[in-house]
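Student: Can we go through this structure together? I'd like to begin with the charged contacts.

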Amino acid sequence: MKKLLSIYLTLSITVSIQAQNPIITNVFTADPAPMIYKDTVFLYTGHDTAATDAKNYKMPDWLVFSSTDMTHWTPRGACLSTKTFSWASGDACAAQCIERNGKFYYYVAITHKKDQNSKGGIAIGVAVSSSPTGPFVDALGKALVTNDMTTDKPHSWDDLDPTVFIDDDNQAWLFWGNGSCKYVRLKPNMTELDGPITAFTPPHYTEAPWIYKRNNLYYLIYAANFPETIDYCTASSPTGPWTYRGTIQDTVPNSTTTHPGIIDYHNKSYFFYHNGALPTGSSYRRSVCIDYLHYNPDGSIQKIIQTKQGVSPAN
Ligand code: CA
């Protein structure tokens, strides 16, 4: 009995002190976008539903999970769907949610129908909710950015992957783009552009920007090359000039793409990404993982070590 109890305790402790990578194993998740609100981490993800042998994406909706220790993730449902946007068709591509004045603004990339507002291609929409887990509604009833509004790249999917950030001076910024990185100021209402769109191309840039500020330094993290690594630049202003700082993550197992999301939580820094490592996983059946991110004293980022065991509980 004592031995059984000992085995039980050992198993319980083993299970409870460590998460695993990928962190979610019952559905395929991609394009992680973590957000902290009232000391809870909300993790927004894409949702891969392509068949095992598929050679293309199938992403009907976006999922949200929450955690207060970075290891136990509670599913909070499919908080937003392509059907939410009457002007949209196609897949629920990468997205990011941010809180402002008690409202949650969810910027998504999605295919636009051919109509009077767009000739089609990937567009950026914004949904809004009074809760971090939704339900979200289309904030505008139309796209915030259509493919036709950026013309520096000819391909129809160059407006993928929105990332949003509110600076200390309350100026909100939207960055996005495939093939080139675009940015624009947002008005305080978060649903209107406030000025022209500027495009630039950081070294080796592919897609999936993630922008934030830490210790007065702006960080632009992004997917580079193909298959994708994660590289980054820093600057003293959100408009640059950006200094290339190198690769922080090598390619990931079994997925040509990956996608960064970074937060500080309870005095540790975390790096969210996706790979294709689950059984039957692939580039179209991806899974979100979390590993530690470490800064050097000068603000540069150490190389991410991809682990199977993931991170320990935050306390
Ligand atoms: Ca475009």
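Tutor: A salt bridge here is a side-chain nitrogen of Lys or Arg within 4 Å of a carboxyl oxygen of Asp or Glu. This is a predicted model, where local features need pLDDT of at least 70, side-chain atom pairs count only at pLDDT 80 or more, and totals for chains, interfaces and linings use all residues. Residues are numbered from 1 along each chain as its sequence is written, and side-chain values use heavy atoms, with hydrogens and water left out.

Student: How many salt bridges does the count come to by this rule?

Tutor: The count is 9 salt bridges.

Student: Which residue forms a salt bridge with Arg286?

Tutor: Asp48, with the closest N and O atoms 2.7 Å apart. Arg286 lies in the loop between strand S18 (268–275) and strand S19 (287–293) and Asp48 in strand S2, so the pair ties together parts that are 238 residues apart in sequence. Strands are DSSP runs (E, at least two residues), numbered from the N terminus.

Student: Are Arg286 and Asp48 buried or exposed?

Tutor: Both Arg286 and Asp48 are buried; buried means under 20% relative accessible area, exposed over 50%, partly exposed in between (1.4 Å probe, protein chains only).

Student: New topic. What coordinates the calcium ion?

Tutor: Asn147, Thr150, Asp158 and Asp159 supply the donors, at 2.3 to 2.9 Å. Donors are N, O and S atoms within 2.8 Å of the metal (3.2 Å for Na, K and Ca); water is not among the atoms, so sites may look incomplete.

Student: What is the relative accessible area of Asp158?

Tutor: Asp158 has 0%, so Asp158 is buried. Thr150 counts as buried at 5%.

Definitions and conventions:
Helices (H or I, at least four residues) and strands (E, at least two) are DSSP runs, numbered from the N terminus.
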